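Dear colleague,

Please find below the structure I wished to pass on to you. I would be grateful if you would read the notes that follow with the coordinates open.

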Amino acid sequence: MSKSAMLEVKNNDPIGTLRDFFRDLLEKKVVDALLIPKKLPSGDGYCQTLIRDPELLVDVNPFAPTLPVQSAKLISHLTIMDPGCKVGAVLKSCEIRAVIELVKFLQVKLDRLILIGVDCPGTYEPSDYAKMSREKGKGGSITGNLLKGAREGKIKPQDGYDLRLACQICEYPNPQNADVIIGLFGHNPQKEIYVELRDGLAGELAEKGILATTEKGSSSRDSVIERLTEERLKRRDEVFDAFRSRVKNLQDLMDALSTCIRCHNCMVACPICYCKECVFKTPTFEHKADQFLRWADRKGGVRMPTDTLLFHLIRLSHMVTSCIGCGLCDSACPNDLPVATLFRAVGQKVQGLFDYTPGRSVDEEPPVATFKEDELQGESGTT
Amino acid sequence: MEEFEPRIIAFLCHWCTYTGADLAGTTRQQYPPNIRIIHMMCSGAVDTIYILKALIDGADGVLVGGCHPGDCHYQTGNYKARRRVAILKEILDQAGFTEDRIWLRWISASEGKLFADTVTQMVEELKKMGPNPMKKLWLA
Ligand code: SF4
Ligand code: SF4
Ligand code: FES
């Protein structure tokens, strides 16, 4: 059960109003520290910042339309050992879904964590954001422009730029499993912001005089989310279809991956790849010359570095069941490979085998960590 | 032209299939010599990376052998192996590689004949399929 309220926006400044809200959370000890996107002094982007002193809240922006790193990994560092105090984290929906997956892999503990989820109209590549910010004057605030469309769910990226592909096909614009939800969709951000609180928190915030909530919810928000989700699903299916008709056999897949330089950036960026000792970073792949030569001999020749197909297929087999689709692998790839589309399209099928939706609930066991005795019986040739 | 002789890499669990293979030998069951056996403690210890590495680097087929359901000496390793194989096969399917070259089989320590029959059958099927196209992908 949850409760909600409309936060009245002061001076037509939604971000300033929220900054005051966060200041209250910190000063009145609802949280002892807050992880939140804060503008870089250069103006070129945002970085997650762990704030203790409310004075540092200047220039924070919960709606920063760029996602340079996946905060789920940061949350892992902050909670895997008891932080000793309450940590609030302002996250986008894909970040929360990654957090939920990491909880199940014992990489995040929720006990001292307060998840503050924000509605997300989508994000720009960090490099695009930096460019846009340098072209200022071209239409005011980058966040503000995106927020304008959020009211009706008609998201219009800045002229000449696109949202990241992962965001264009993201079917979860609104956060799930958050303790606090900060809603944009369906309301005029110059006037009011929707805030939803998990039951226990609602009591605490009312008691501390921060916000009084009711059980109302917001039907206008719900209907905008429904429309936006439908639109995104449509776009997602188009992207999947295009990918599937491009990759019909192994050679097609090799072609799609052909410019991969095996830098591992996609893996480093991935919130689900949490292994401390990833096999691809071990000496397992530092073979002796005669081994390489033997392979070259067998195939006539072999691309160096070797094991590109293996790298992608193994990464798929290890984590695709938990891929939440943040697309940061795409953003990290120096050669614009369609890694995220590959992972999402394959993920859809593999997750479907087990009726599993990553990020949906901490109570659902990830497919790779469990089994059923009476499943997949045809797999062992016994039918 | 020489007849194509498929190469099979087999990952066999110590307690059941490996012992079953041993029994096939000591009881003089006949089966084709196309198989190279890698001794594992449990089918649950077979990471998908071993299977794929074998296929990409030259094997025409991979056999994963474990204890029958309920008989795994580590309780549930074989159930986990089954999921892993299913996941890997679905991924390969999606990647456009639909050939049935990965076989998972439950063969107990007393089923020497079943082991020999399985290898015989697998070799026949692989001969029909021809060489594994993966092993020629120099770009892989
Ligand atoms: S993937 Fe979804 S939640 Fe994540 S940044 Fe993009 S639109 Fe926002
Ligand atoms: S980031 Fe791109 S180039 Fe680097 S390993 Fe991943 S797919 Fe290959
Ligand atoms: S011990 Fe044989 S499958 Fe686990």
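This is a predicted model: local features need pLDDT of at least 70, side-chain atom pairs count only at pLDDT 80 or more; totals for chains, interfaces and linings use all residues.

In chain A, seven strands make up an open, mixed sheet with the order β1-β7-β6-β5-β4-β2-β3. The edges are taken by β1 (2–8) and β3 (46–51) of chain A, each paired with a single strand, so one side of each has no neighbour in the sheet. On average, and ignoring direction, neighbouring strands are turned by 25 degrees against each other. Within the sheet, β4 (residues 87–92) and β5 (residues 113–118) of chain A pair in the parallel sense over six bridges; A:A89 has A:L115 in β5(A) as its bridge partner. Helix α3 (residues 93–104) of chain A packs on the sheet and touches β3, β4 and β5 of chain A, its direction making about 120 degrees with that of β4(A).

Turning to the ligands, the residues around ligand 1 include A:C94, A:C120, A:C167 and A:C170. By class, this shell around ligand 1 has four nonpolar, three polar and two charged residues. Around ligand 2, the residues include A:C260, A:C263, A:C266, A:H312 and A:C333. Helices α10 (265–269) and α12 (308–319) of chain A each supply at least two residues of the ligand 2 shell.

Between the chains, α11 (residues 289–299) of chain A packs with α2 (residues 48–57) of chain B at about 55 degrees, the axes being 11 Å apart. The two helices, α11(A) and α2(B), are therefore oblique to each other. Here A:W295, A:R298 and A:K299 meet B:K53, B:I56 and B:D57.

With kind regards

How values were computed: Residues are numbered from 1 along each chain as its sequence is written. Chains are lettered from A and ligands numbered from 1 in the order in which they are written. Side-chain values use heavy atoms; hydrogens and water are left out. Axes are lines fitted to C-alpha atoms, for helices over the stretch in contact, and angles run from 0 to 180 degrees between N-to-C directions. Helices (H or I, at least four residues) and strands (E, at least two) are DSSP runs, numbered from the N terminus. Angles under 35 degrees count as roughly parallel, over 145 as roughly antiparallel, 65 to 115 as roughly perpendicular and the rest as oblique. Contact means heavy atoms within 4.5 Å. A residue is near a molecule or strand if one of its heavy atoms lies within 4 Å of it. Ala, Val, Leu, Ile, Met, Phe, Trp, Tyr, Cys and Pro count as nonpolar, Asp, Glu, Lys and Arg as charged, and the others, Gly among them, as polar. Two strands pair if DSSP finds at least two bridges between them.
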